[in-house]
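Here is a short tour for someone meeting this structure for the first time. Have a look at the model below, then read on.

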Amino acid sequence: MQIHLYLPDVERYRQLALVDERHWAPLNERFDGSSMIDAWEPVDVEPLYAKRPVSDFPALGNLPVLSTRAAEALQDLLDGCGELLPLRGGNGKYFVLNVFLLDALD
């Protein structure tokens, strides 16, 4: 079994924020481990700390976010484990990773 820990470096790199903070509650409610690609509506994000370098894994609250470059590089690892949901804005193309949960306990 492999465990991957996602920890964006919020002290050194640019982060993302929702343009409309009212989207936090619906976003947090929707990430329940099931697929949502069919009903997904991209949310608007904007960069924070514009003077910092851009990251392939910018922080957006507790959601795992990947740049297009990171998504392409990790494609083989991500296939079947979740789905990439596009975000709008942020001075680049970013995706939030919706991780699928398994019903593994009896």
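In which strand is G82 found? G82 sits in strand 4, which covers residues 82-86.

## Before we start

This is a predicted model, so to speak of local features a pLDDT of at least 70 is needed, side-chain atom pairs count only at pLDDT 80 or more, and totals for chains, interfaces and linings use all residues. Residues are numbered from 1 along each chain as its sequence is written, and side-chain values use heavy atoms, with hydrogens and water left out.

## The overall picture

The protein has 3 helices and 6 strands; helices (H or I, at least four residues) and strands (E, at least two) are DSSP runs, numbered from the N terminus. Read along the sequence, they come in the order β-α-β-β-α-α-β-β-β. The radius of gyration of the protein is 14 Å, close to the 13 Å from the globule rule for 106 residues, so the protein is as compact as a globular protein of that length. That radius is taken over C-alpha atoms, and the globule rule is 2.2 Å times the number of residues to the power 0.38.

Along its principal axes, the C-alpha trace spans about 50 × 30 × 20 Å. Of the 106 residues, 31% count as buried, where buried means under 20% relative accessible area, exposed means over 50%, and partly exposed is in between (1.4 Å probe, protein chains only). Take the contacts (heavy atoms within 4.5 Å) between residues at least 6 apart in sequence: 69% of them join residues at least 24 apart.

With 17% relative accessibility, G82 counts as buried. Leaving aside neighbours within four places in sequence, G82 is in contact with L97, N98, V99 and F100. The C-alpha atoms of G82 and L97 are 6.6 Å apart, though the two residues are 15 apart along the chain.

A71 belongs to helix 2, residues 68-73. Its relative accessible area is 5%, so A71 is buried. Not counting residues up to four places away in sequence, A71 touches L66, L78, L84 and F95. For A71 and L84, which are 13 residues apart along the chain, the C-alpha atoms are separated by 8.0 Å.

## A loop worth a look

Now for the loop between strand 2 (44-48) and strand 3 (65-67), where you'll find S55. Is S55 buried or exposed? It counts as buried, because its relative accessibility is 14%. A polar atom of the S55 side chain lies 2.9 Å from the backbone nitrogen of F57. Apart from neighbours within four places in sequence, S55 is in contact with Y13, S67 and Y94.

Y49 lies in the loop between strand 2 and strand 3 as well. Y49 is not a glycine, yet it has a positive phi of about 60 degrees. With a relative accessibility of 46%, Y49 counts as partly exposed.

## Pockets and a cavity

First, the terms. On a 1 Å grid over the protein atoms alone, a cavity is a set of points where a 1.4 Å probe fits but cannot get out, while a pocket is an open set with protein on both sides within 12 Å along at least five of seven lines; lining residues have an atom within 4 Å of a point. Grid points are joined across faces, edges and corners, and a volume is the space filled by probe spheres set on the points. Ala, Val, Leu, Ile, Met, Phe, Trp, Tyr, Cys and Pro count as nonpolar, Asp, Glu, Lys and Arg as charged, and the others, Gly among them, as polar.

The largest pocket holds about 680 Å³ of space. It is lined by 20 residues, and the closest to its centre are H4, L78, C81, L97 and V99. By class, that lining has 16 nonpolar, 4 polar and no charged residues.

The largest cavity has a volume of about 30 Å³, and Y94 is one of the residues that line it, along with others including R14, P47 and G90.

Technical notes:
A polar contact is a pair of N or O atoms within 3.5 Å; within protein, one must be able to donate a hydrogen and the other to accept it, and residues adjacent in sequence count only if both atoms are side-chain atoms.
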